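Good morning, and thank you for the time. I would like to speak briefly about aromatic side chains, and then about a pair of strands.

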Amino acid sequence: MAENKSFQLRIITPDRVFYEGEVDMVEFNTTEGEIGVLPGHIPLTVIIKPGILHIYEAEAEKHAALHSGFAEVLPESVTILAEIVEWPEEIDEHRAEEALHRAEERLRSRTPETDIARAETALLRAMARIEVLR
């Protein structure tokens, strides 16, 4: 029996179907660490952590900033339900830099009112946006 060299990737946000197509591999961050998925991967469900989404198609590589959500991995498909995911051309670099500085300042000048988890998530999102632009 021939081995599959690709699988179906579907990325859905509340606003749109962000991506749908056949891919050779996909990589993204989870709360447990970075994951790379190839055809035939064991089934699992993971929580997404902000970072860079790498999509490897047969003839191209695509990258996007993936901020949060869940992923269902099956041997023949991966479905990502994302809160926010952005192609590089959709990102305003100036706004991303400002968000990075705000998050860094919140973490640097911690007060009892500072929501540390929220500030760390904002920092990771800003870093992902900036990194995908590079």
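What you see is a predicted model. The count of aromatic pairs in it comes to two.

In one of these pairs, Phe 18 and Trp 87 are stacked. Their ring centres are 4.4 Å apart, with 20° between the planes; since planes under 30 degrees apart count as stacked, the label follows. Where do Phe 18 and Trp 87 lie? Phe 18 belongs to strand E2, residues 17-23, and Trp 87 to the loop between strand E8 (77-86) and helix H1 (93-108), so the pair ties together parts that are 69 residues apart in sequence.

The other pair brings Trp 87 together with Tyr 19. Here the arrangement is edge-to-face, at 6.5 Å centre to centre and 65° between the planes. Tyr 19 also lies in strand E2, and Trp 87 in the loop between E8 and H1, so this pair ties together parts that are 68 residues apart in sequence.

Are its members buried or exposed? Phe 18 and Trp 87 are both buried. Trp 87 counts as buried because its relative accessibility is 15%, and buried means under 20%. Tyr 19 is buried too, with a relative accessible area of 7%.

Let me turn to the partner of strand E2. Strand E1, residues 7-12, pairs with E2 in the antiparallel sense over six bridges. A hairpin of four residues joins E1 to E2, and Phe 7 stands opposite Val 23 in E2.

Technical notes: Residues are numbered from 1 along each chain as its sequence is written. This is a predicted model: local features need pLDDT of at least 70, side-chain atom pairs count only at pLDDT 80 or more; totals for chains, interfaces and linings use all residues. Side-chain values use heavy atoms; hydrogens and water are left out. Rings of Phe, Tyr and Trp (its six-membered ring) pair if their centres lie within 6.5 Å; planes under 30 degrees apart count as stacked, over 60 as edge-to-face and the rest as tilted. Helices (H or I, at least four residues) and strands (E, at least two) are DSSP runs, numbered from the N terminus. Buried means under 20% relative accessible area, exposed over 50%, partly exposed in between (1.4 Å probe, protein chains only). Two strands pair if DSSP finds at least two bridges between them.
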